[in-house]
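Open the model in your viewer and keep the selection panel at hand. This tour makes two stops.

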Amino acid sequence: MESMNLGDGLHVVVGGEFPYCNTLVLLSNEVTVIDPGCALENLRQFLKSHSIDIHEIDNVVLSHIHPDHITLASRIQRLAKAKVIANEITAPCFDDKEEMKRLLGFHPEHKVRPFWEQLVNEKMYGALDDAHVDIVVGNHETLDLGGMTVRTLYTPGHLPDHMCIEFPTLGYVFGADIDCTSFGPFYGHPNSSIPLFRESIQMLREKEVKGLISGHLKQPLVKDYRSALQSYDLQFDIRDDFVLMAISGGAGTIDEIAMTPIIYRSLSNLVFLQFEKWMIEHHVNSLVVQKRVAIENDRFVSI
Ligand SMILES: [Zn+2]
């Protein structure tokens with residue numbers, strides 16, 4: 001179990017890469033976990049090292065609805081009777097997992113849906129369990145969690161409900177899936193948005209903080225977050241170029257472009273292939289807006 005102490009009761013239990021995420025633990029007059037997607041044994045071990053039992057968790061805060069960020073939320077709610085806190089877009093999706101699937105693009109007839117459900121049940125067990133949000137928060141809302149102040153910051157793009165969480169008195173911001181990983185930004189759902197993602201990255205770059213806490217980096221604290229976010233943002237342009245090269249090379253449909261991996265290294269998994277296709281679709285739309293790609297006879301052509 002790896003963890004990082006950021007001082008004043010703010011800790012990060014390292015979860016790292018998908019299908020886990022980094023979980024923030026706030027120890028104040030209450031016990032709060034943000035994005036409980038690290039391994040359960042690691043969370044238990046961390047709490048135990050502070051003489052806390054998992055049943056003593058008071059609050060669970062969710063940055064967004066992705067299964068790797070909510071994995072243990074239902075379990076903690078049941079075990080500890082903890083209050084679940086989420087924003088107004090996440091809340092209905094957490095309360096009704098069919099809504100969650102719809103937001104992610106996996107409507108009941110989608111052919112990849114059963115494979116995605118299998119992936120979630122195998123790797124993020126519990127994420128689809130029934131549970132409910134107790135406290136719904138809006139944008140720029142300040143919460144007092146047992147004496148520790150946090151503030152919500154909507155940062156859509158990755159998903160429409162994605163939000164960062166600021167620690168105004170401690171001087172940190174939890175970036176969640178604006179994570180500064182070398183994989184780069186993920187926007188692999190129909191409701192994701194490249195322009196909104198880039199705006200959200202820019203918003204974080206303009207923050208004056210001691211550091212950004214990544215949702216997935218094994219070294220979770222990014223002190224030089226301005227340059228890290230700049231490199232992260234460049235991935236959109238790099239991927240635009242790869243998609244454009246594929247179209248220039250004769251690929252005229254999403255399926256044809258997805259014959260060669262651009263974002264994922266391997267596309268042997270049907271779920272990741274679907275994410276790749278949705279991301280390519282966002283790039284094609286963006287290239288059409290930039291007038292670098294046109295659609296002729298239902299095929300993409302470079303201009
Ligand atoms: Zn996510």
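A pocket here is an open set of grid points where a 1.4 Å probe fits, with protein on both sides within 12 Å along at least five of seven lines. Its volume is the space filled by probe spheres set on those points. Keep in mind that this is a predicted model.

**Stop one: the largest pocket**

Go to the largest pocket, with a volume of about 820 Å³. Select Glu17, Phe18, Thr181, Phe183 and Tyr264. Of the 29 lining residues, these are the closest to the pocket's centre.

Now colour by element. Helix H2 (67-70), helix H6 (113-123) and H10 each give two or more residues to the lining. Which element gives the largest share of the lining? H6 does, with three residues.

Colour by residue class next. The lining divides into 15 nonpolar, eight polar and six charged residues.

Then select domain 1 (3-223) and domain 2 (239-302) in two colours. Both give residues to the lining, so the largest pocket lies between them.

**Stop two: H8 against H10**

Select helix H8 (residues 225-248) and helix H10 (residues 270-289). Their axes come within 10 Å and cross at roughly 85 degrees. Angles of 65 to 115 degrees count as roughly perpendicular, so H8 and H10 are roughly perpendicular to each other.

Show side chains at the contact. From H8, pick Phe236, Arg239, Asp240, Val243, Leu244 and Ile247. From H10, pick Met279, His283, Val284, Ser286 and Leu287. By class, this contact has seven nonpolar, two polar and two charged residues.

Notes. Residues numbered from 1 in each chain as written. Predicted model: local features only at pLDDT ≥ 70, side-chain atom pairs only at ≥ 80, totals over all residues. Heavy atoms only, no water. Axes fitted to C-alpha atoms, helices over the stretch in contact; angles between N-to-C directions. Helix = DSSP H or I, 4+ residues; strand = E, 2+ residues; numbered from the N terminus. Parallel < 35°, antiparallel > 145°, perpendicular 65-115°, else oblique. Contact = heavy atoms within 4.5 Å. Nonpolar A, V, L, I, M, F, W, Y, C, P; charged D, E, K, R; others polar. 1 Å grid on protein atoms, 1.4 Å probe; cavity = no way out; pocket = protein on both sides within 12 Å on 5 of 7 lines; lining within 4 Å. Domains from an automatic or database assignment.
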